[in-house]
Amino acid sequence: MDQKKVMRSHSSPWRGLAARRRWCQAAARPTTVLVIAVTVFAPLLLAVVLFGFRVTPSGANGTWVSAGVRVVLKAVSDQGTGRGPLATVPDPSDRLLGGLLSPDFDESSCLSRYSAALYRRPSLHAVSSYLVSALRRYESLHRRCGPGTPAYARAVELLRANASFATSSSSAAASGSSCSYAVWTPIEGLGNRILSITSTFLYALLTDRVLLLHSSGDDLHGLFCEPFPGSTWILPAADKDDFPIRGIEKLTDWWHHDSLGSVLRRGEDPGVAPWLYVHMRHDYTKDNRDQQFFCDDVQAKLGTVPWLVFRSDNYFVPGLFLMPRHEAELARMFPRRDVVFHHLGRYLFHPSNTVWSMVTRYHDSYFAKADERVGIQVRRFYWAPISTDDLFGQILNCTQREDILPGAAGGVPAAAKGGSTAGGQPGKQKAVLVVSLHGEYSEKLRDLYHEHGAAGGEAVSVYQPTHLGSQRSGEQQHNQKALAEMVLLSFSDAVVTSAVSTFGYVGQGLAGLRPWVLTSPVDKKAPADTPCRRAATIEPCFHAPLDYDCRAKAKGDAGRRVRHIRHCDDFPRGVQLVE
């Protein structure tokens, strides 16, 4: 695609999106929701009390709306007790997203921070007041202990003095340090990195640690704005060259001498170490010692370790929800368990001005005048082979069965059995964003509607920002384009994603939408009867969950221990948070 055409500037980032503004105008403010809830639902509540009426759970095929009603009812009941609402739905015009974002930033330093939400469908996922308070407390901690502060300089000097296990018997308490840190190190593609950063941040939030990002190259440079006011989350460049933990970029193996698992295998007390490596890559389940990171007794000891270095390609948030010591805190932060990444992702990841310029220029060129935006994210994996034609047929079968896209006009069957060839709204403009490393799928879809038109008189336009051919996670420009596409995907009104793709998880999570997930191929063919399934949750999948039961001290199934964690539909071995 002509990059000059793609990147030309436009004066207004929200030009022509009257439909989106109607969303904002129609959305209710929190107080309005409460008044309506009292008026409309009071008779229903009375019926529940008097007649024992039971509401059947929506289950896997239900929607988040039913659970949202429960949040409103809970808020109403809390108003009567004087405790205030458990959580409130942000006003669509609130640039701080219901208190999720801090107001203590210069808007020009990060144009996306307070503007990105205006491009998305208004989020109806309530933000708890306790999470807002926890984020403000964390920001204060980061400002006090982050790089450039006396507390940080003192913590680094103490680490330098005790960086060897052979000479160390110190801890955060014993050494007099009042700050402790969770250092994240990169691995795998951008989707994996965003999910693992989110996981490490939530752990830092729960354990009063300061999150720092370490990168040996410039692959993170120019991607994100700083999320915490008055400080940085990047490990300073000078510290990288002279950091007391030598070879931090080489911490990759579960058997590393300084890993938590190795310390436990040697029978040593991890609580006396000045620092530890937490191996959370996909192969950490080879030994149950590494998995004991999720055990309460080990966590109690880690509380005295000033520096923890994480390397993970996983979204290990569900593992944190399995820890009894954090159960009450997490329940207060997230009354709805299935919106963790939606809230934390929108809090942490704000595209830099360079990336935001890419996003807004492309959006204004191709999507601003659309009545509806459809995102289709396509990823092929070597372990799930399928031909280009078969995968394209699966995409058509899915999108037309689910009335996401119209069929082709003129009697041309655009999809397999069950596909729609009629319907649609005459004159409606539908813009389709295809995100893929390869350009064949958008070309085939564009040619289909260009040659035959869309049934029902709809106007369907198909666009693909890039088709880079291969993933190059260590390159700055590649990562900037990938992030721009993730953000564009999150602007969609409906999303179709590929099973197991972390790229898709990020897009759907930022959007706050349950996607239609393309079913993984079997024997190189897509299942004809179920080309896709509606996801049960917007939460990403933890692909490599622990199979160790801390209480039983034996193997156990992480998807069967608590009601709000179950096995993933798109990757049955994994687990994810559900409501």
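Select Glu440. It sits in helix α19, residues 440-452. Helices here are DSSP runs of H or I with at least four residues, strands are runs of E with at least two, and both are numbered from the N terminus. Glu440 is partly exposed, at a relative accessible area of 32%. The scale is this: buried is under 20% relative accessible area, exposed is over 50%, and partly exposed lies in between, with a 1.4 Å probe and protein chains only.

A note on the model before moving on. It is predicted: local features need pLDDT of at least 70, side-chain atom pairs count only at pLDDT 80 or more, and totals for chains, interfaces and linings use all residues. Residues are numbered from 1 along each chain as its sequence is written, and side-chain values use heavy atoms, with hydrogens and water left out.

**The acidic patch**

Together with Glu440 they form a negative surface patch. Patch members have over 30% relative accessible area and no salt bridge, and like charges are joined within 9 Å. Asp and Glu count as negative, Lys and Arg as positive, while His and the chain ends are not counted. Each charge is placed at NZ of Lys, CZ of Arg, CG of Asp or CD of Glu. The accessible areas come from the Shrake-Rupley method with a 1.4 Å probe; for residues, only the protein chains shown count as cover.

**The disulfides**

How many disulfides does the structure hold? There are five. A disulfide is a pair of cysteine sulfur atoms within 2.5 Å. Counting bonded cysteines along the chain, the pattern reads 1-4, 2-3, 5-9, 6-7, 8-10.

Select Cys110 and Cys225. Their disulfide has an S to S distance of 2.1 Å. The S-S torsion is about 90°, so this disulfide is right-handed. The pair links distant parts of the chain, 115 residues apart. Cys110 is in the loop between β1 (87-88) and α5 (116-119), and Cys225 is in the loop between β4 (210-213) and α10 (237-241). Buried or exposed: which is Cys110? Cys110 is buried, with a relative accessible area of 1%. Cys225 is buried too, at 8%.

Next, select Cys398 and Cys532. The two form a disulfide with sulfur atoms 2.2 Å apart. The link is right-handed, with 90° about the S-S bond. It joins distant parts of the chain: Cys398 in helix α18 (residues 388-401) and Cys532 in strand β12, 134 residues apart. Cys398 is buried at 0% relative accessible area. Cys532 is buried at 8%.

Asp529 is exposed, with a relative accessible area of 66%. The C-alpha atoms of Asp529 and Cys398 are separated by 9.7 Å, although the residues are 131 apart along the chain.

Now go to Cys541 and Cys568. A disulfide joins them, S to S 2.1 Å. The torsion about the S-S bond is about 95°, so the link is right-handed. Cys541 lies in the loop between β12 and β13 (548-549), and Cys568 in the loop between β15 (565-567) and β16 (575-577), so the pair ties together parts that are 27 residues apart in sequence. Both cysteines are buried.

**The salt bridges**

A salt bridge is a side-chain nitrogen of Lys or Arg within 4 Å of a carboxyl oxygen of Asp or Glu. By this rule the count is 16.

Select Arg136 and Glu139. Their side chains meet in a salt bridge of 2.9 Å, N to O. The two are three residues apart in helix α6 (residues 129-145), which means about one helical turn between them. Arg136 is partly exposed at 26%. Glu139 counts as buried, at 3%.

Select Arg336 and Asp338. This salt bridge is 2.5 Å, N to O. Both Arg336 and Asp338 are buried.

Select Lys555 and Asp547. Their salt bridge is 3.2 Å, N to O. Lys555 is exposed, with a relative accessible area of 69%. Asp547 is partly exposed, at 27%.

Last stop: select Glu372, Lys428, Lys430 and Glu458. Salt bridges that share partners join these residues into one network.

Notes:
Patch = residues over 30% accessible without salt bridge, like charges linked within 9 Å, V, L, I, M, F, W, Y side chains within 5 Å.
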